[in-house]
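Q: Can we go through this model together? I have a few quick questions.

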Amino acid sequence: MNKLWMWGFVLALAGCASSSPDVIQRGDAQRLSSVVDAVVLSVRTVTVEGSQSGVGAAAGGAVGGIAGYGAGGSQREAQIIGILGATAGAVAGNVIERAGTREEAYEILVQLKNGERRAIVQAKGTEVFQPGDPVILITTSGKVRVTKAPKQ
């Protein structure tokens with residue numbers, strides 16, 4: 001049963017993708033991005049809610065159903081325990097997926113050179129932002145990330 005649980009956990013996390021500003025998605029490589037200069041006004045830590053794609057629930061349900069079915073004595077008892085195991089596994093798998101995909105992030109409030117203000121939420125990366133830092137906003141395929149402006 002331990003191997004089944006481990007595989008269920010692996011399957012639940014298989015759909016996780018990084019949203020780190022330090023990781024560029026393959027489809028965004030070699031694409032032209034727009035760049036806008038800005039200055040950091042404030043930074044606060046936020047939590048990005050985990051996803052519920054259904055992968056965790058499906059994997060947990062399968063693992064729980066198989067484990068529950070194997071625990072029963074008679075055919076009817078095995079079926080009942082299998083159903084209960086599948087239900088419990090699906091709930092546990094969903095919880096594991098949500099917890100595994102939850103991320104700590106920054107909400108970065110910036111002011112553009114034209115005076116407009118923007119707020120961007122991005123996962124924590126290697127850069128640390130402070131009010132007054134010159135930054136650039138890089139927009140690729142509709143997604144924006146903040147990075148420190150290069151030294152001139």
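**Burial, contacts and confidence**

Q: Thr147 first: buried or exposed?
A: Thr147 counts as buried because its relative accessible area is 16%. Buried means under 20%, exposed over 50%, and partly exposed in between, with a 1.4 Å probe and protein chains only.

Q: What kind of model is this, and what are the ground rules?
A: It is a predicted model, in which local features need pLDDT of at least 70 and side-chain atom pairs count only at pLDDT 80 or more, while totals for chains, interfaces and linings use all residues. Residues are numbered from 1 along each chain as its sequence is written, and side-chain values use heavy atoms, with hydrogens and water left out.

Q: Where does Thr147 sit?
A: In strand β5, residues 143–148. Strands are DSSP runs of E, at least two residues; helices are runs of H or I, at least four; both are numbered from the N terminus.

Q: And what does Thr147 touch?
A: Glu127, Phe129, Val135, Ile136 and Ile138. That leaves out residues up to four places away in sequence. Contact means heavy atoms within 4.5 Å.

Q: Zoom out. How many helices and strands?
A: The chain has three helices and five strands. Along the sequence the pattern reads α-β-α-α-β-β-β-β.

Q: How much of the chain is buried?
A: 29% of its 152 residues.

Q: Which residues does Tyr106 contact?
A: Beyond its neighbours within four places, the list has Val43, Arg44, Thr45, Val46, Ile120, Val121, Gln122, Lys124 and Glu127.

Q: What about Ala119? How far is Tyr106 from that one?
A: C-alpha to C-alpha, Tyr106 and Ala119 are 9.9 Å apart. In sequence they are 13 residues apart.

Q: Which residues make up the largest nonpolar core?
A: Eleven residues: Ala38, Val40, Tyr106, Ile108, Val110, Leu112, Ile120, Phe129, Val135, Leu137 and Val146. Such a core is a set of buried Ala, Val, Leu, Ile, Met, Phe, Trp, Tyr and Cys residues joined through side-chain atoms within 4.5 Å.

Q: Which elements give two or more residues to this core?
A: β1, β2 and β4. β2 gives the most, with four residues.

Q: Pick Val40. What are its contacts?
A: Val40 meets Ile108, Leu109, Val110, Phe129, Gln130, Pro131, Gly132, Asp133 and Val135. Neighbours within four places in sequence are again set aside.

Q: What is the phi of Ser141?
A: Near 50°, a positive value in a residue other than glycine. Most residues other than glycine have a negative phi. Ser141 lies in the loop between β4 and β5. Ser141 counts as partly exposed because its relative accessibility is 49%.

Q: Now confidence. What is the mean pLDDT?
A: The chain mean is 75, and 56% of residues reach 70 or more. pLDDT is the predictor's confidence in each residue, from 0 to 100.

Q: Where is confidence lowest, and where is it highest?
A: Lowest is helix α1, residues 2–14, with a mean of 46. Highest is strand β4, residues 134–140, at 93. The pLDDT stays below 50 over residues 1–16. That stretch still has 19 contacts in the model beyond near neighbours in sequence.
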